[in-house]
Structures are given as structure tokens and as C-alpha cells.
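Here is a briefing on one protein model.

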Amino acid sequence: QVQLVESGGGLVQPGGSLRLSCAASGSIFAIYGMAWYRQVPGKQRELVARSVIDGRTMFADSVKGRSTISNDNVKKMVTLEMNSLKPEDTAVYYCNGDILGDRGRGDYWGSGTQVNVSS
């Protein structure tokens with residue numbers, strides 16, 4: 001069974017930086033892409049950044065230019081780094097993986113990590 005576990009997050013001051021990591025474990029045969037989403041109460045979960053197997057990355061307009069996403073395929077980890085944080089970046093951040101596991105290919109999710117941007 002595939003599991004995704006996030007780490008990082010917490011309270012960050014406006015203008016500060018954060019680093020979120022996500023580790024995939026379990027019966028994994030291939031990882032086609034990994035991504036970070038975020039969600040605030042009352043709103044739909046939105047894509048923050050995605051990295052796919054061919055090396056392409058994509059970012060939401062709201063974080064473009066101040067975020068990076070990187071994969072470590074050996075460790076099966078994905079890391080999101082964001083700087084110049086704003087209060088509107090406050091959300092629960094979720095790791096997502098497009099992964100081929102022992103039950104087939106599917107979308108897997110972590111349980112989320114809270115990020116609060118506040119002074």
C-alpha cells in the first residue's frame with residue numbers, strides 16, 4: 001500500500017520562507033508525478049505546484065516566481081520551497097502522487113500539513 005507523509009509547515013512570518021517535504025513509501029513501482037495542493041476552509045483544493053516524470057514543472061500563478069518543486073526519485077521524495085510568503089498562503093498543504101503501486105496506478109494523498117502565515 002502506498003503512503004505519502006508530509007513534513008514541514010507551521011507558523012511563518014509574512015515575507016518568510018517555508019520548506020515542505022513529502023515522502024512516498026510502500027509498494028511503489030513507478031512515480032509519474034508528484035504535486036502539492038492546498039486548501040482553505042470553504043474553498044476547493046487547488047494545485048500549487050507539480051513535477052512530472054519528464055522533468056516538467058508547473059506552478060499556480062499565485063506562487064509562480066517564488067516557489068520551487070524538486071523530486072528525489074531515489075528517496076521517493078518531493079520538496080516544495082516557497083519564499084516571500086503572504087497571509088493568503090495560509091492553508092493546509094497536501095502532497096499528491098500519481099503512482100503505480102501494487103494496486104495499480106492511482107492518485108495518492110497525504111493527510112496534509114498546516115501552514116499559517118502570520119505576524
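**Salt bridges, core and pocket**

D89 is buried, at 0% relative accessibility (buried means under 20% relative accessible area, exposed over 50%, partly exposed in between, with a 1.4 Å probe and protein chains only). The model is predicted: local features need pLDDT of at least 70, side-chain atom pairs count only at pLDDT 80 or more, and totals for chains, interfaces and linings use all residues. Residues are numbered from 1 along each chain as its sequence is written, and side-chain values use heavy atoms, with hydrogens and water left out.

**Salt bridges**

- The count is 7 salt bridges, each a side-chain nitrogen of Lys or Arg within 4 Å of a carboxyl oxygen of Asp or Glu.
- R38 pairs with D89 in a salt bridge, with the closest N and O atoms 2.9 Å apart.
- R38 lies in strand β4 (residues 28-39) and D89 in the loop between β8 and β9 (91-101), so this pair ties together parts that are 51 residues apart in sequence. Strands (E, at least two residues) are DSSP runs, numbered from the N terminus.
- R38 is buried too, at 6% relative accessibility.
- E81 and R19 form a salt bridge through their side chains, 3.0 Å from N to O.
- Strand β8 (residues 77-82) holds E81 and strand β3 (residues 18-25) holds R19, so the pair links parts 62 residues apart in sequence.
- E81 is partly exposed, at 34% relative accessible area.
- D98 and R105 form a salt bridge, with their closest N and O atoms 2.8 Å apart.
- D98 is buried, with a relative accessible area of 18%, whereas R105 is exposed at 52%.
- One network, joined by salt bridges that share partners, contains R38, E46, R66 and D89.

**Nonpolar core**

- The largest nonpolar core has 27 residues, and W36 and Y93 touch the most other members. Such a core is a set of buried Ala, Val, Leu, Ile, Met, Phe, Trp, Tyr and Cys residues joined through side-chain atoms within 4.5 Å.
- At least two residues of this core come from each of β3, β4, β5 (46-52), β8, β9 and β11 (113-117).

**Largest pocket**

- The largest pocket holds about 180 Å³ of space. A pocket is an open set of points on a 1 Å grid over the protein atoms alone, where a 1.4 Å probe fits, with protein on both sides within 12 Å along at least five of seven lines; lining residues have an atom within 4 Å of a point. Volume is the space filled by probe spheres set on the points, which are joined across faces, edges and corners.
- This pocket is lined by 13 residues, and R38, V40, K43, E46 and E88 are the closest to its centre.
- The lining divides into 2 nonpolar, 4 polar and 7 charged residues.

Note on methods: Helices (H or I, at least four residues) and strands (E, at least two) are DSSP runs, numbered from the N terminus. Ala, Val, Leu, Ile, Met, Phe, Trp, Tyr, Cys and Pro count as nonpolar, Asp, Glu, Lys and Arg as charged, and the others, Gly among them, as polar.
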